[in-house]
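Reader: I have just opened this entry and would like to go through it with you. Could you take my questions as they come?

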Amino acid sequence: GLQWELVDGSVQTALAEAANRESQEVKWSAGDTAWRLYSAMGAALIERQVALERQQLAVQGLQLAIDRERSVAVRERYGVASALEVQLTAQRLQDAKRESAEADAAHISAQAQLATSLAVPFESLNNMRISECLLPVIPDSVTARQLALKNQLAFARQLIQYGMAEAELKLQVAKQYPSLRLGPGLLWSQGDTVWQFSFGLPAALLNRNIAAIEAAEANRTAQGAAVLAKQSEIISEVERLRLNAIALAEPLRVALVALKAAQSQVQLSLAQFDAGNVDALTLIDARRLQLQAERTVFDARTSLLRAQWSLELAVQSPITTIDFH
């Protein structure tokens, strides 16, 4: 007895839609893996840049401490420097050496992290030209929300889960009218040596698949609630990170103004030194104040850069940047 299964067209359509939703889930899973690699690389690039700038500032600080120690040694020989001044200068030099060593170690660690994220040997980074990470132009609230809801993979997966639940509901509704298996109406029974009538209707034709439809509908409702909850969570988190980045931009502007003032003071001290009106120690102290201002700018810029990166991770889309110096 050969049999043929007659499947309703609506069932075939629902099955095709369900298969399409499942293929989208696979695609987004691959995208999630790629985004994790991108995130690790981006974080490593930022930390490498921060470590490099910190190392450069530490080198400047060490050189100033050495210059001051030499200047105080000359003053001590002429009996001008006090014992306390000599002791404080020696302590500053030791602090500068320690800071420089810590900055070197942090730079090596950041380089190793970057090499790991790029899956390349540590030594090969010396032959790479790595561009500086620039500060962002913080998007407005509407733009940030749109970017997040369009690009965030976790939310896209949540939408796919809802689509799969909806496809399952359509399938169960289509199955109200079950597939019929048609075979020969009469079969020869070898044992009874008679012909027997074999055609019958499936039992599902009588219950109209109500239980499966109700279960699928409940699942779709639950998935819909999950989508709305995730959407609300994303909007709140993105706005929090956006406002945090905006707030951190102001300290950087203030620090840049202070740095310009310190640079002007160094130029003035240098002119006075060339004219013989001030000694070398005065010029060194002016440069030390400028270095402190540069460190304040570095701290503010680092905080803003990390805040920008957190926002970019939340919206999962690159944000327009600007060279902010």
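Reader: Let me start with the helices: in which hand does α4 pass α6 in their crossing?
Author: Bearing in mind that this is a predicted model, the crossing in which α4 passes α6 is left-handed.

Reader: And at what angle do α4 and α6 pack, with their axes how far apart?
Author: Helix α4, which covers residues 153–174, packs with α6 at an angle of about 165°, and their axes are 9 Å apart. Since angles over 145 degrees count as roughly antiparallel, α4 is therefore roughly antiparallel to α6.

Reader: What classes of residues are in that contact?
Author: The contact of α4 with α6 divides into 13 nonpolar, seven polar and five charged residues.

Reader: What about α6 and α7, how do they pack?
Author: Helix α6 spans residues 210–274 and helix α7 spans residues 280–315, and the two pack at about 165° with 8 Å between their axes. They are therefore roughly antiparallel to each other as well, and α6 passes α7 in a left-handed crossing. By class, their contact holds 27 nonpolar, seven polar and four charged residues.

Reader: Changing topic, which residues of the largest nonpolar core touch the most other members?
Author: That core has 23 residues, and those touching the most other members are Ile46, Leu135, Leu252, Val297, Leu304 and Leu305.

Reader: Which helices supply at least two residues each to this core?
Author: Those are α1, which runs over 9–77, together with α6 and α7. The largest share comes from α7, which gives ten residues.

Reader: What other core lies apart from it?
Author: There is another core of eleven residues, and its members include Ala144, Ala148, Val315 and Ile319. As general background, nonpolar side chains tend to be buried together in soluble globular proteins.

Reader: How much of the protein is buried, then?
Author: Of the 325 residues in the protein, 31% are buried.

Reader: Stepping back, how many helices and strands are there, and in what order do the elements run?
Author: The protein has seven helices and six strands, and from the N terminus on the elements follow the order β-α-α-β-α-α-β-β-β-α-α-α-β.

Reader: One last thing: among contacts between residues at least 6 apart in sequence, what share joins residues at least 24 apart?
Author: Within that set of contacts in the protein, 82% join residues that are at least 24 apart in sequence.

Terms used: Residues numbered from 1 in each chain as written. Predicted model: local features only at pLDDT ≥ 70, side-chain atom pairs only at ≥ 80, totals over all residues. Heavy atoms only, no water. Axes fitted to C-alpha atoms, helices over the stretch in contact; angles between N-to-C directions. Helix = DSSP H or I, 4+ residues; strand = E, 2+ residues; numbered from the N terminus. Parallel < 35°, antiparallel > 145°, perpendicular 65-115°, else oblique. Left-handed = near helix turned anticlockwise from the far one by under 90°. Nonpolar A, V, L, I, M, F, W, Y, C, P; charged D, E, K, R; others polar. Core = buried A, V, L, I, M, F, W, Y, C linked by side-chain atoms within 4.5 Å. Buried < 20%, exposed > 50% of the residue type's maximum accessible area, 1.4 Å probe, protein only. Contact = heavy atoms within 4.5 Å.
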